[in-house]
Structures are given as C-alpha cells and as structure tokens.
Amino acid sequence: LYYPKIKDYLNFENVRKFIGGNKILSSLLFILLQIMQVVIFMIPGDVINAAGGFMFNIILGSILSFIGVILGSIIVFYISRFFGYNFVNRFIKKEKLDKFVNFFESNTGFVSLFIICNLPFVPKDILMYCAGLTPLKAKKTLPVYCLSRLPGIIIWVSMGANLYSKSVVGIILTLCILLLFLLSVVLIKKKIDGRRIIVVKPSTK
C-alpha cells in the first residue's frame, strides 16, 4: 500500500532536491547522523561518509562528516570517562577492551591510532570508549584521533560523490588513492608492530 510513496520519497534525486532546498536542516541532520554513528559504534562509519559525498559533495560532505565525528568523539570520550570501566565493559568484551586500553598506553599508541582509524570497515569509534578509560587528557587524545580520521573521511566522501555523479574516472582514481593509502598504512603497521611496548596496565575501576 505504502511502497510507491516510500519508493518515491527515498529516490536519490528527491533526496538531493530536498537537501538543495533545506541545506541548513539537511546539514544538521547529517551531523546528527554522524554523531549517532560514533556513539553507536557498530554502525559502519565509512558507509555514512560515502553517503555524505553522495548527498552533498566532496567539500561539504567532508566538512559535515568531520564535524560530526569531532562532536561524537567528544561525547563518547566523556561518556566513558564518567561511567567508567564496568559500564564500557557491558558492550565491549573484556579481552578487546583491555587490548585497546593497553594500545593507548603503549609507546606507539598514537601512530597505531592513525593506522586503525584508516583501515576500512573497522569499528574505529570503539577507540574513544577505550581512550576515556586511560589517564590520557582529552586535549591531547581527541585532536590526534579526529585528525587521524580525516584522510579516510575525505576518501570515502569522494567515493560517494563520484558514485552520485557516475564518474568512472573519479571512482577509479579514488579507488587507486584508497589502495595506495591502505598499502602505506599496512607497511607502517608492520614496521611499528615490533616496537610496541606496554608501559601502563589498564584500570579496572
């Protein structure tokens, strides 16, 4: 009964027309979507970033995605810091939680942070829940995390924008950049894996 109306409403051209006529509202809704994606870390962020490029464009989509990631990361960091280890442990298994907390306490934590933030389809936002459990200060951790997310955001937003414009050249170019970037990330990861030393054990409070 309702399928024709729903199909028409979800038509991508209609979505773009709505966005064109309601830029402020659409931008705010997309930022809210990004915040939700960070807080509910099971939602794949790369897909949301690509949707930003599809709905807006490369520049605006990247800016809105980045703003949403920043705000969401701040919220998650302080949720974790306020409620503590036992709260976070309810939805993140202890083994994984301890692993990531130790990761922040290692001598290569921030370099590894950049690597994880740019691996595709990895639940990156789980890291901020873990970072909130460490003694690390927000003013040091959050800028590094958010800047680490920026390259991946731009690449996936570009992919979405090129898919919308049906630019074969743009899609191929973006894929090549993504593959080269991932190759660089993997090589850096291999280089630092042997250098990681844990200096502080995670708190269980």
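Colleague: Where does Ser 158 lie?
Modeller: Ser 158 is in helix α10, a helix being a DSSP run of H or I of at least four residues, numbered from the N terminus. The model is predicted: local features need pLDDT of at least 70, side-chain atom pairs count only at pLDDT 80 or more, and totals for chains, interfaces and linings use all residues. Residues are numbered from 1 along each chain as its sequence is written, and side-chain values use heavy atoms, with hydrogens and water left out.

Colleague: Why is Ser 158 called buried?
Modeller: Buried means under 20% relative accessible area, exposed over 50% and partly exposed in between (1.4 Å probe, protein chains only). Ser 158 has 11%, so Ser 158 is buried.

Colleague: Which residues does Ser 158 touch?
Modeller: Leaving out residues up to four places away in sequence, Ser 158 touches Ile 58 and Thr 174; contact means heavy atoms within 4.5 Å.

Colleague: What angle do α4 and α10 make where they pack?
Modeller: Helix α4 (residues 45-55) packs on helix α10 (residues 138-165) at about 50°, with the axes 6 Å apart. That makes α4 oblique to α10, because angles under 35 degrees count as roughly parallel, over 145 as roughly antiparallel, 65 to 115 as roughly perpendicular and the rest as oblique.

Colleague: Which residues make that contact?
Modeller: Among them are Asp 46 and Phe 54 of α4, with Arg 149 and Trp 156 of α10.

Colleague: Which residues of α3 are buried?
Modeller: The buried residues of α3 include Ser 26, Phe 30, Ile 31 and Val 38.

Terms used
Axes are lines fitted to C-alpha atoms, for helices over the stretch in contact, and angles run from 0 to 180 degrees between N-to-C directions. Helices (H or I, at least four residues) and strands (E, at least two) are DSSP runs, numbered from the N terminus.
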